[in-house]
Amino acid sequence: MDNTRVAEILGEIAELMDIKGENSFKVRAYEKAAKAVGAVAGPLSDYLEQDALETIPGIGKGIAARIGEMLEDGGSALLEELRDEFPPQILSLMKVPGLGPRKAAQLYRGLGIGNIQELKEAASLGRIASLKGFGKKTEEKILRGIDIVSAYAGRLPLGVVLPLARDIINKLSKIKGVIKVVETGSVRRRKETVGDLEIIAAAGAHDFGGIMDSFSQAAVISEIHSRERNRIRLKTADNFLVSLRLVEPDQFGAALVRFTGSKEHADSLQETAKNKGIGTLGNSILDIPGGEEEIIYSALGMEYIPPEIRENKGEITGAAEHKLPILVTPEDIKGDLHIHTNYTDGMNTIEEMVKAAIACGYEYIAVSDHSQSLKVAGGLSPERLKAQQKEIDEVGAAYPGFRIFKAAEVDILPDGKLDYDEETLKNFDFVIGSIHSYFNQDIDTMTKRILCAMEDPRLLILGHPSGRLIGSRNELKINWDEVLKAAAKRRVILEINSFPERLDLNDERCRKAKEMGIKVSINTDSHSINHLKFVEYGVMVARRGWLDKKDVLNTMKSKELENWLAERSEFLKGLK
DNA sequence: GCCGTTTTCGGCCCGACTGTTTTCAGTCG
């Protein structure tokens, strides 16, 4: 059992205990332990072997024993006990905005509601308003909340599906007879959410049956959904559909293009093929033989089109004219400009984050802990900030050649002011401005609020600009034309927040920003060393937004970035 | 359940908003 799974189990125990009504500090202890496990560098089994689980902050005697049990037995008796007390989908209720553990428990105990479907029915029938502690408004809020949750019904975040895809592909590639194997569909195009996972493999036709037999026995698979000569569809334990399609090596390139899609992209290619009279039947790109996609595009007189931009939004014309951008890659990223530490709600020290960043091949990070108003995250008072900046200097001195920027993720207050006074703001290299409160301001107030914050020359980056959380919180109401215009004018950077549930700025707005000459920064918002790896998801969004290296601030090398910052500062003085 | 230069008990990030109440519980960030 890996660390992630242990963290998941601890988290589920916490949630179920919370619904059950256990002591909230006990619940928090499990929550904290889950977070702590997520921030551990090496495998927990090493800690267990050395009897060192209790050296992890937040893990004491009790939880260490629970973790030991998980690692040795592959499960948790406590979790099973708790699960037995509630319907299997009970936790899904808490995903609805406005519903927490208390209300979820009451809905279950009072009305026997155990899943979203039952919740929706009860709310529609007006049964919830009659429950003690609930009312008409709560019922309406629940119905609105269900809409947010079900907007992505049946779809999973890319952050969940991509690791699953990689795991399955790794297993498939080891099966005898499999020559090549690649994911297709929206996973390969790196869309932010994915409805099902499609994989394609090249093999000799005589091996098809055996490959499907082996694959259907893989550990992640729980049942066979359907099976044909060259295609098998299976379900994972979580009821997620995985489909494997087998083709002969010579068809692989064309099939990969067809099934990567998007449908609109593939149809448009087909149209091009038809017009050019390419393919043996003259009407199908599937007729162009070749093992690689490049052959297909080349046969159509085009440069290769990266999967992320295959949405029929100008890429086909661009490829025909050989004018596609060279999309940014993870290797282009030279540093991370949004990092939290244990000074606020991060799990690791400044030095640990620096070491982890160096291991990523980075030249710099910006330590950007929360500002004073965000009490829940332990936002730094000016005094604590001084201590933090002193430590940044000390760590910086120990790692010459690595640059640590002094930054902060400063709350943009409801009136648009930044959450530190002049005296304090002077001490930053730059700040990230983010909204963490008063999410439901109307569009004019919210837009003015953001524009006001952007006026401050120290605000370099607008953090997670839309504020959305995929599947749980809608976007802020913002006049984007105004905000983008101001960003272009004042050289404000828009963040692509790489957390899989944020991916904010999104792909479409990235492209819009690029057109307006606005740069983005691909940041992870890491709260532990294990979050740094999320940068690849941010890069995926940037690629979907057609961004090349020059559009991304943190592809600059350290010195180049310093110069750019200095130049921006001069530029802003000239604006006044 | 965890933690301790206030250590074996008694705290535990906190403040605001919302909707339900008629003084507050629950949720959120």
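1. Tyr 420 is buried in this predicted model, at a relative accessible area of 5%. Phe 428 also counts as buried, with a relative accessibility of 8%. The cut-off for buried is under 20% relative accessible area, so the label applies to Tyr 420 at 5% and to Phe 428 at 8%.

2. The rings of Tyr 420 and Phe 428 form an aromatic pair, with 5.8 Å from centre to centre. Their planes are 40° apart, and the pair is described as tilted. Edge-to-face requires planes over 60 degrees apart and stacked requires under 30, which is why an angle of 40° gives a tilted pair.

3. The structure holds seven aromatic pairs. One of them joins Tyr 364 and Phe 405 in an edge-to-face arrangement, with 80° between the planes and 5.8 Å between the centres. Tyr 364 belongs to strand E9 (residues 364-370) and Phe 405 to strand E10 (residues 403-411), so this pair ties together parts of the chain that are 41 residues apart in sequence.

4. Are Tyr 364 and Phe 405 buried or exposed? Tyr 364 is buried, its relative accessible area being 0%. Phe 405 is buried as well, at 0% relative accessibility.

5. Tyr 364 and Phe 405 also belong to a cluster, in which ring pairs link them with Phe 430.

6. Two charged side chains lie over aromatic faces. Lys 103 is placed over the face of Phe 134, 5.7 Å from the ring centre. Arg 491 is placed over the face of Phe 571, at 3.7 Å from the ring centre. The distance cut-off for such a placement is within 6 Å of the ring centre.

7. Turning to the whole chain, the secondary structure of chain A comprises 23 helices and 14 strands. Strands E9 and E10, which carry Tyr 364 and Phe 405, are among them.

8. What radius of gyration does chain A have? The value is 26 Å, which agrees with the figure near 25 Å that a compact globule of 576 residues would have. Along its principal axes, the C-alpha trace spans about 75 × 65 × 55 Å.

9. Of the 576 residues in chain A, 52% are buried. Tyr 364, Phe 405, Tyr 420 and Phe 428 are among the buried residues. Chain A exposes about 25,900 Å², and carbon and sulfur atoms supply 50% of that area.

10. For contacts in chain A between residues at least 6 apart in sequence, 68% join residues that are at least 24 apart.

Key: Residues numbered from 1 in each chain as written. Chains lettered and ligands numbered in written order. Predicted model: local features only at pLDDT ≥ 70, side-chain atom pairs only at ≥ 80, totals over all residues. Heavy atoms only, no water. Phe/Tyr/Trp six-rings, centres within 6.5 Å; stacked < 30°, edge-to-face > 60°. Helix = DSSP H or I, 4+ residues; strand = E, 2+ residues; numbered from the N terminus. Buried < 20%, exposed > 50% of the residue type's maximum accessible area, 1.4 Å probe, protein only. Lys NZ or Arg CZ within 6 Å of the ring centre and 35° of its normal. Rg over C-alpha atoms; globule rule 2.2 N^0.38 Å. Contact = heavy atoms within 4.5 Å. Areas by Shrake-Rupley, 256 points an atom, 1.4 Å probe, with all protein chains shown as cover.
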